[in-house]
Amino acid sequence: AYPFLLNSLGIIVVALLAGYLAERLRATGGRLELAEERAVAAERLATLGRVAAGLAHEIRNPLGSIRGSIEMLRESPALGAEDRELCDIVQRESKRLETLVSDMMELAKPRKPSPEAVSIAHLAKEVVALSAHNERSGSGDVKVEYAGPDEGAVALCDGSQMRQVLWNLVRNAVQVSEAGSVVRVKVSHAKRDIVLGVQDQGPGIPDEQKKKLFDAFYTTRTQGAGLGLAVVKRIVDDHAYVGVRMDIESPIRGSKRGAEFRVRLKEATS
Ligand SMILES: Nc1ncnc2c1ncn2[C@@H]1O[C@H](COP(=O)(O)OP(=O)(O)O)[C@@H](O)[C@H]1O
Ligand SMILES: [Mg+2]
C-alpha cells in the first residue's frame, strides 16, 4: 500500500510544483511585457526629448534677437504711450516664451549636476532681487521678501540648477498670490541641513493634487505649460545623492491657506 501512497504523494507534489512554476512563468511573462512597454515608452520620451531640445534651441536665438530689438525700440523717443504699451506686451510675452523654452530644454536634455559649496543665502537673495522687479501675479503686484541670514548657509549643490529650482518655485508662488500679498523666501539651518523655503498666502494645495503637481504637463493655469515643477523635481532628484530632498506644507500650519515648498540641502562643512 505504501508505494501507492508514495506515488500519489509524488504526483501531487509534481502537480503543485508544475502549478507553481506555471504561475511564476506567467508572472515573469507579465513583468517582461510590462518592461517592454516601459522601454517603448522611455524610447518615445527620449525621442520627444530630442525633438523638444532641438526645437527649444532653435527658438532661443531668434527669441533673444526679438527681445533685444524690442527693448531698444521701446526707448525710442518717437514712440507714443500706446506704442510703448504694445512694446511692453511683446516684451512680456517673449519673456514668457523664454522661460518656457528654458524649462523645455532643461527637461529634455538633463544635465548632471556639478555640486560645489554654494551660499544658499546669496543665491536666495539674488533670486529675490530679480523677482522683486519682474514678478506680478494675474491680479497685480506681489511682494517677494527674503528672510534669512545675510550670507553663508553654505550647502552642497549645483548653483545654477538650484537657482532655477528657486526661480520656478517663486514664480509659481507669485502666480497663485493675490495682489498685495507676500511671498517669502526663507533660508534657515536645521541641524546639518540648510532649508530653503518658498512660502505663499495663496489658495493652498489639496492633498489629492500634491502627487500630480510634479508631473510634466500638469497645470491648472490657463497659460501654464506644467513644466516648472517637473523641472524642480528632476533637479532635486538628480541631487538626491548629495542629500537634497523636498517637501510641501499646505495649508500652512495655523492657517487654512497657503503653501510652502521646502528644499533641504546638506550643509557643506569646510
Ligand atoms: N504655490 C502653489 N500654490 C498652489 N498651487 C500650486 C503652487 N505651485 C504650483 N501649483 C500648482 O501646480 C501646477 C503645476 O505647476 P508648474 O509645474 O509650475 O506648471 P505651471 O506653472 O505651468 O502651471 C500649477 O498649475 C498649480 O496648479
Ligand atoms: Mg510654474
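Which backbone atom lies 2.9 Å from an oxygen atom of ligand 1? The answer is an N or O atom of G226. The model is predicted, so that local features need pLDDT of at least 70 and side-chain atom pairs count only at pLDDT 80 or more, while totals for chains, interfaces and linings use all residues. Residues are numbered from 1 along each chain as its sequence is written, chains are lettered from A and ligands numbered from 1 in the order in which they are written, and side-chain values use heavy atoms, with hydrogens and water left out.

**Ligand surroundings**

Ligand 1 is surrounded by 18 residues, of which the closest are N172, D200, T219, T220 and L229; a residue counts here if one of its heavy atoms lies within 4 Å of the ligand. The polar contacts below are pairs of N or O atoms within 3.5 Å.

| Residue and atom | Atom of ligand 1 | Distance |
|---|---|---|
| D200, side-chain N or O | nitrogen | 2.7 Å |
| A225, backbone N or O | oxygen | 3.0 Å |
| G226, backbone N or O | oxygen | 2.9 Å |

**Helix packing**

Helices are DSSP runs (H or I) of at least four residues and strands are runs (E) of at least two, both numbered from the N terminus. Axes are lines fitted to C-alpha atoms, for helices over the stretch in contact, and angles run from 0 to 180 degrees between N-to-C directions.

Helix α4 (residues 159-175) and helix α2 (residues 81-108) have axes that come within 13 Å and cross at roughly 130°. That makes α2 oblique to α4, a class left over once angles under 35 degrees (roughly parallel), over 145 (roughly antiparallel) and 65 to 115 (roughly perpendicular) are set aside. On the α2 side, T99, S102, D103 and E106 meet Q161, Q164, W167, N168 and R171 of α4, where contact means heavy atoms within 4.5 Å.

Helix α4 also packs against helix α6 (residues 228-238), at an angle of about 145° and with the axes 9 Å apart. The residues making this contact are Q161, Q164, V165, N168, L169 and N172 of α4, together with G228, L229, V231, V232 and I235 of α6.

**Backbone features**

Most residues other than glycine have a negative phi, and most peptide bonds are trans. A153, in the loop between β4 (143-147) and β5 (154-157), has a positive phi near 55°. The peptide bond from S250 to P251 is cis, with omega near 0°, and P251 is found in the loop between β8 (245-249) and β9 (259-266).

Note on methods. A polar contact is a pair of N or O atoms within 3.5 Å; within protein, one must be able to donate a hydrogen and the other to accept it, and residues adjacent in sequence count only if both atoms are side-chain atoms.
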